[in-house]
Amino acid sequence: MSAAFPASRISDPGGAPPLRWGILGPGGIANTFVQALARHTKQRVVAVGSRSVDRARTFADTHGIDRAHGSYGALVEDPDVDVVYVATPTGQHHENTLSAIAAGKHVLVEKSFSRTATGAREMVAAARAADVLVMEAMWTRFLPHLDVVRQLVGDGGLGEIQTVLADHGQLLTPGGAPRLHRPDLGGGALLDLGVYPVSFAGLVLGAPDSITAVGELAPTGVDATVSAVLRTGSAHAVVTTTLTARTPTTASISGTAGRVEIAADFYTPAELTLVTAGGRRTRGLDAIRGHEGLCYQAAHLAQQVADGRTESPLLPLDETVSIMETMDEIRRQIAVGRSVD
Ligand SMILES: NC(=O)c1ccc[n+]([C@@H]2O[C@H](COP(=O)([O-])OP(=O)(O)OC[C@H]3O[C@@H](n4cnc5c(N)ncnc54)[C@H](OP(=O)(O)O)[C@@H]3O)[C@@H](O)[C@H]2O)c1
């Protein structure tokens with residue numbers, strides 16, 4: 001195999017036809033998302049909905065958004081909204097997404113898609129019945145560097161994949177990040193951070209045949225630290241996540257013919273290093289950096305809608321459900337709460 005990188009096939013996010021977006025839950029990530037759209041796309045954010053009309057108005061004024069709704073119901077019923085971005089805590093995604101689907105909207109749902117696979121399956125069934133596009137906002141999937149990785153794995157150039165390593169740990173205390181320590185809001189390391197390594201492992205190896213997990217719980221009962229081995233055939237993915245330390249947040253894929261390493265933070269636009277018998281080569285960063293890369297998922301969704309699709313080929317809904325099933329099983333093994341449901 002040559003030590004060369006294929007070109008990314010991800011289109012310029014500025015080229016996607018515009019949709020009219022409504023923001024449901026004007027919190028931290030919604031703020032970052034709206035800025036990324038404004039800077040790099042033609043997408044139009046036309047409305048925001050909050051449980052408080054004052055918070056909606058403040059967010060709207062900050063971002064130059066026309067309409068501020070004092071309830072999520074009013075937002076999803078807004079006739080000028082084509083697509084709803086669900087940016088509430090994970091524990092709320094199920095209810096918020098179902099209401100947006102019932103109003104006939106397309107929906108981009110923040111990760112984790114739901115708290116459980118059961119919830120995810122209900123959301124997927126509702127989306128398919130309503131013939132709207134629903135997509136998990138696993139934004140890494142839509143980034144240029146990940147498309148390069150997808151091609152390296154897909155063309156067999158790494159040989160037979162043996163080991164996938166992926167990690168995501170951050171220091172998130174109850175004082176600094178209260179929602180992550182609340183079971184009712186879908187807190188815990190796995191659903192908030194570990195979903196990135198789990199999704200990455202799924203992209204490379206598919207659904208695991210077997211899962212072996214260990215974990216430590218925080219005082220509130222959410223998972224604080226989790227390590228799991230996901231085995232597919234004879235290939236192993238080792239995924240680690242924690243709320244209690246800033247960890248390397250890197251990933252790698254090792255095959256019989258070579259290895260690709262993704263530098264920190266692997267789930268954002270990141271540098272790649274390819275190590276093969278043909279040599280060692282590094283691919284630098286793409287032009288759009290950090291969380292501004294959130295624009296790619298929005299542009300991708302808008303393009304799918306324009307093309308008449310109701311599912312993303314880069315992240316089909318069955319795969320989102322499969323990722324939730326993997327996390328359900330990990331949570332069952334480490335006994336998060338009494339039951340994952
Ligand atoms: N893609 C990424 O890089 C990324 C990064 C961070 C988070 N996320 C995901 O995005 C989602 C939101 O995370 P965030 O960090 O933006 O959270 P956040 O800052 O706490 O904002 C969440 C928003 O949801 C609304 N909300 C509805 N019910 C709530 C409740 N019971 N408690 C608290 N807020 C509630 C609130 O808005 P109103 O009360 O005004 O309606 C709040 O502003 C999570 O699913 C998380 O996993 C993704």
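**View 1. Packing of helix H8.** The buried residues of H8 pack against helix H1 (28-40), strand S4 (83-86), strand S5 (106-110) and S6. This is a predicted model, in which local features need pLDDT of at least 70 and side-chain atom pairs count only at pLDDT 80 or more, while totals for chains, interfaces and linings use all residues. Residue numbers run from 1 along each chain as its sequence is written. Helices (H or I, at least four residues) and strands (E, at least two) are DSSP runs numbered from the N terminus. Leu294, Cys295, Tyr296, Gln297, Ala298, Ala299, His300, Leu301 and Ala302 are the buried residues of H8; a residue is buried if 20 or more other C-beta atoms, placed from the backbone, lie within 10 Å of its own. The 13 residues of H8 (residues 294-306) should span 18 Å at 1.5 Å a residue, and the end C-alpha atoms are 19 Å apart, which agrees; the expected span is 1.5 Å times one less than the number of residues. Just after H8, glycine 308 adopts a positive phi of about 80°.

**View 2. Contact between the two domains.** Domain 1 (13-139) and domain 2 (144-288 + 314-333) make up the division of the protein, with bounds from an automatic or database domain assignment. Their C-alpha centres lie 25 Å apart. Domain 1 gives 19 residues to the contact and domain 2 gives 17 residues, where two residues are in contact if their C-beta atoms, placed from the backbone, lie within 7 Å. On the side of domain 1 that touches domain 2, helix H5 (117-130) and strand S6 (134-137) each supply at least two residues, and the largest share, 5 residues, comes from H5. By class, this side of domain 1 has 9 nonpolar, 6 polar and 4 charged residues. Ala, Val, Leu, Ile, Met, Phe, Trp, Tyr, Cys and Pro count as nonpolar, Asp, Glu, Lys and Arg as charged, and the others, Gly among them, as polar.

**View 3. Shell around the ligand.** The ligand is surrounded by 22 residues, of which Gly25, Gly27, Gly28, Ile29 and Ser50 are the closest. The shell divides into 7 nonpolar, 9 polar and 6 charged residues. Domain 1 and domain 2 each contribute at least three residues to the shell.

View 4. Strand S8 (residues 210-217) pairs with strand S9 (residues 223-232) in the antiparallel sense over 8 bridges; two strands pair if DSSP finds at least two bridges between them. Valine 214 has serine 227 in S9 as its bridge partner. Between the strands of this hairpin lie 5 residues, and glycine 221 takes a positive phi near 100°.

Note on methods:
A residue is buried if 20 or more other C-beta atoms lie within 10 Å of its own, exposed if 12 or fewer, and partly exposed in between; C-beta atoms are placed from the backbone. A residue is near a molecule or strand if its C-beta atom, placed from the backbone, lies within 6 Å of it.
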